Amino acid sequence: MVPQSEDSHRSPGYPNIRQDDPWKTNLPLMVAVGPGPYSEQLIRWTRRIAATMEAPWLAVHVQTGRPALLDDETSLMKNILIAQELGATLITATGDDIARALLQVARQHHVNQIVVGKSRANPVYDLLHGGSLVGRLLRESGDIDIYVIQGDSEIIMSRRPRRCGIGASPIRHYLVSVCAIIIAAIGCALSEKILDYRAIGMCFLFLISLLSLFVGRGPVLVAALFSAAIWNFLFIPPLFTLSISNPTDLFLVMLYFIVALVAGTLTSRIRARDLDVRRRERHSAVLSALVNDLSSADSVDAVIAAGIANIDTLFESKSICFLAGADGRIATVPHPAGTAIPDSPEEWRAAENAFKNRVPSGASEAGPFAVKTTYYPLLSHTMCSGVIGVVRTSGRIGSPENVRLLCMFVYQIALALERIQLRAERLNKILLNSISHELRTPLATITSATSALVNQGTADKPKVHAQLIGDISAAAIRLNRLVDNFLDMTRLESGGVKISKEWCDVADLFQGVLHNLDAELRDRPVTVDIPADMPLVKLDSVLIEQALANIVLNAVFYTPEHAGIRLRAGCEGEVLVFTIEDEGPGFPPESIGRIFDKFYRLPGTKAGGTGLGLSIVKGFVEAHGGAIEAGNRDAGGARFIIRLPVTQKKLTPEEVQ
Amino acid sequence: VTGQTKILIVDDELSIRRILRLTLESNGFAIREAGNGKDGIYAAASEHPEVIVLDLGLPDMDGLDVLRKIREWSTVPIIILSVRNEEKEKVAALEAGADDYMTKPFGVNELIARLHVALRHKRSPQEEDQTFANGNLSVDLVNRIVKNGDAAVKLTATEYAVLLEFVRHAGKVLTHRHLMKEVWGPYREDETQYLRVYMAQLRKKLEINPAQPRIFLTESGVGYRMALIDDTVGI
C-alpha cells in the first residue's frame, strides 16, 4: 500500500507534503481505529512506518456515544488488541464529531502525522458534519499532516449506526409513546369545551418534549407524526377529517411537526450523552476498583483470583482461566482460582484458539466451538499470559458496552500479570548476580591463598602462612554464612518456615545470640537489659534467636570495631518488645525505608554482606506475627525495634515446687 | 593425656576423614575409618573403639539408624558430626542415644574438646566422685554442699536435682525432655516452662554474671549444656 498524498484537497496556506521527504521524524504518528477489517491493515501499515521512523505511535478510537452493533464491538476490540499488541499506545476519545475529537487528541499528544483510511462516500454524514471526515481533517488539521490510505470500500471510522438490533429502541418505547398520545387526546377531547384547538396543539407539543426525555428518537418521531394526525383529525376544523381548510392551520400543523421533531431529537440526544457519561463513570469506578485490587496482588495466583473475583461480581458470571506455560502453550488444566469448570474438551480448544490467534474465541463467535464460554486472550504489551473465559449464559454480558468493559478488565489483568512476570525476572537476575558474586569472592580468596601457601617464595615465612590461613578461614566462615542466608531466604519464600512455639526465657534467648556470635563480638562492649520481673514468653526461640543474631551481626558489620551494642527486652501488655541499638553511624535517612528490601545494601559499604540478613529478619519476625522497624537513635547509631505478640506466664520457683 | 585412644570415624567424605586422621593422630589418638553405615556398624563391633564420630548423611543408610543399631548393644560414646543443623535433627539424635552433636563446618579444636568430655564420662563413673569443680562452681556430692567461689549457696531440692544432672553429664548437651524426665519424672516431659524457671534460678545463684552465663549455656531449640571451664574441671 502506498500513501496517497491528497494535496489537492488541502486548503491553501497549509504546508504541503514534500514528496522527497515524506515523513517528519521524532514526533508520534497517530492512526484512527475503527471496527472494520480494513482498519487492521491500516494499523499494520502505521506500525511499519513508525518502526522505520523509530517514532512512537498512537492508536486512537473515537466513541461517538451512538449505539453500535455487537459484531462491530467485537471487531473493534479485536483491532484495538492488535494495535496494542503491535506496540501502539491506545487512546480512547469521546465526541460526536470524529474529526474534531481526532484532532484534539493529536494536538494533546503532539502528533504531527495522522493516518486515516479513505472512506466510502456518505452524503448524509458529510452534510451533517460539514464535509467528509477526510476532507474536514485536511481542512482543520493546521500543521498536522494527514495521510489518507486507500481501502477496500470500507469506512474505517465509526460507521453510521444502523437502526436495528441492540442499538434500536425497544418496541415498548413505541407503545408507550402511542399510548401517551392517545391518553392525552382523550384528555384534550374532554376539555375541548374550555380549550382552543391551538392550546391543545401546545399540550401535544409539551407531551412530545416530555416523551423525548424517556424514549429514543424513533418513538419520538412516531409520536410526533401520530399526534399531528390526531390533532388534525380530532381538533382542527373541519373535524374528523385529515384535510385542513384554513392556511394558518396548515402552517401551524407543519410548524408543530417540525418543532416536535427537533425538540424530541435534541432532548433524546442529550439524554443519550447523559447516559453515556453515567456509563463511563460507572466503568471508570469499577475499573479503578479492579486496578486497586490488582495492584495489591503480588503473585500470579493473587492477580488471577482478584481479576476473576472482580469480573464475576460485576457481570454476575463464572470464569475459567488457562495460563500460558513456559513452553509457550496454555496449560491443559484451568487455574484453580476459576469459578467455573470446563465441561468439554471443546472449551480447551476454544481457549487455545483465543491464545494462539490473540482474538476472543468461543460462544459469541461464529467459530467452530460448541461452548458457552467466551475466551479472551490476556494480552499485554509484550506477551500473552493466558486466556480468561467468561461463561456467557450465566451472567449479564450481553450488551456491547459490557463486552467492552470486560475487554478492559481482561487487559488490566494482563498488565498486572506482565508486571509480576517482569518483576520476577528482574529479581531472578539480581539473585543470580548476587549469588555468583557473593560466592565467588570468598572462593577467590581461598583459591589464591592456598596457591600462595604452596608457593616456593612463602615456604620459610611462617608469619605469611599464618596470615594466609587466617584469610582462608575467614572466607570459609563467610561462605557458610552465605549458604545459611540463601537457605533461610528460600525457606521464607517457599513458605517453608514453620513456627513452633515453646515457653522461653528471654535471658536464654539473648545468651544464645551472644554465645553464637562470640568470635564476632570479641572486643565489643555488649549490654543486656532485661527487667527483673520479665515473664516467660511463648515463641519460636530458634527463629527469633536467629533474627536477633542477624541484627547484631549487621551491627557488627556496619559499626566501628569497638562500638557498643545494647540488647533490651520488655513487655508492653501482650506484646514482647526487643530493642537492639548500636553506637555506629546510623542509617542515612533516605535508606531507612529500604533496608529490609532484599539485596539492598547501604551505599558505600564494604564487601562481605549479602543484603539478605535484614530481609530474613523481617521475614522471620512477620512469620511470627510480629513487626520490625528501624531508625536512628537521637544520640546517633541505629535502633531496631521488634514487636511480637506473645502469650506470657509468670512462674516463681515456689509455684513450681 | 589419653594415650593411644582408639576412635572410629564413620563418614563418607574422604577429605573429612583425612583431615580428622591427620589432626587426631597428631593429637595422640588412634584412628579407624569407615566409609558407610554397614562398615561403621561392623567396625564398632570388631574394633572396640572408645569413641565413635558419626556422620548422619551416609550413602547406604541413615546415620540415625546406624546410631540406633550400635546402641542396641553398646554404650560407647558417640559424637554426631553432620551438616544437618536443624534443631529437630539434633534433638532426635540426642534422644536416640548420641552423646554430643556437632555441625559441619566444624573446628578441630572444638571436636577434640568434645572427645575429651566423652572420654571423661566413659572413664570416671560419677558415683565414686566426692566433689565436682568447674570454674567458680564446686559441688560436694557427698554432703550436698554447693559453693559459688568461696560462698556456700543454698539450693532447693529441685534446684539441686537439676544441678546434679548437669554434673553427671558435665560438658554434654542435655535436651529439655531429658532434664524434665530425670528431674520431674516421665509424665511431665513436655512442661518445659518449669525448667526455664529453674535454669534462671541456677544462673542467678551460681553464675558470676547471670545475664552472660559461662557455665549453664543454652543450646537454642535443643536444651542446655554445662560448659567445662578450662583447667578447673576436676574431681
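Which residue stands opposite B:T175 in strand 12 of chain B? In this predicted model, that place is taken by B:G223.

- In general, strands of a sheet pair through backbone hydrogen bonds, and they do so either parallel or antiparallel.
- Strand 10 of chain B is joined to strand 12 (residues 223–226) of chain B by three bridges, in the antiparallel sense.
- Strand 11 of chain B also pairs with strand 12 of chain B in the antiparallel sense, here over four bridges.
- B:G223 turns up again on this side, as the bridge partner of B:E219.
- Strands 11 and 12 of chain B form a hairpin with three residues between them, and B:G221 in the turn has a positive phi of about 80°.

**What covers the sheet**

- Both faces of strand 11 of chain B are covered: B:F216 and B:T218 are buried on one side, and B:L217 and B:E219 are buried on the other.

**Where the chains meet**

- On the chain B side 23 residues are in contact with 22 residues of chain A.
- About 2,000 Å² is buried between chain B and chain A, with 52% of that area given by carbon and sulfur atoms.
- The residues of chain B that lose the most area to chain A are B:Q193, B:R196 and B:V197, together 26% of what that side buries.

**A helix pair in chain A**

- Helix 13 (residues 462–493) and helix 16 (residues 613–623) of chain A pack at an angle of about 40°, and their axes are 10 Å apart.
- The crossing of helix 13 of chain A past helix 16 of chain A is left-handed.
- Helix 13 of chain A contributes A:N485, A:D488, A:M489, A:R491 and A:L492 to the contact, while A:G613, A:S615, A:I616, A:G619 and A:F620 come from helix 16 of chain A.
- Sorted by class, this contact of helix 13 with helix 16 of chain A has four nonpolar, four polar and two charged residues.

**Backbone details worth a look**

- Most residues other than glycine have a negative phi, and most peptide bonds are trans.
- A:H110, in the loop between helix 3 (98–108) and strand 4 (113–118) of chain A, has a positive phi near 55°.
- A:H110 counts as exposed because its relative accessible area is 57%, and the cut-off for exposed is over 50%.
- B:R144 has a positive phi of about 55° and is not a glycine; B:R144 sits in the loop between strand 7 (137–140) and strand 8 (145–148) of chain B.
- The peptide bond from B:K104 to B:P105 is cis, with omega near 0°, and B:P105 lies in the loop between strand 5 (100–103) and helix 5 (108–123) of chain B.

How values were computed
Residues are numbered from 1 along each chain as its sequence is written. Chains are lettered from A and ligands numbered from 1 in the order in which they are written. This is a predicted model: local features need pLDDT of at least 70, side-chain atom pairs count only at pLDDT 80 or more; totals for chains, interfaces and linings use all residues. Side-chain values use heavy atoms; hydrogens and water are left out. Axes are lines fitted to C-alpha atoms, for helices over the stretch in contact, and angles run from 0 to 180 degrees between N-to-C directions. Helices (H or I, at least four residues) and strands (E, at least two) are DSSP runs, numbered from the N terminus. A crossing is left-handed if the near helix is turned anticlockwise from the far one by less than a right angle, and right-handed if clockwise. Contact means heavy atoms within 4.5 Å. Ala, Val, Leu, Ile, Met, Phe, Trp, Tyr, Cys and Pro count as nonpolar, Asp, Glu, Lys and Arg as charged, and the others, Gly among them, as polar. Two strands pair if DSSP finds at least two bridges between them. Buried area is the accessible area (1.4 Å probe) that two parts lose on being put together, summed over both. Buried means under 20% relative accessible area, exposed over 50%, partly exposed in between (1.4 Å probe, protein chains only).
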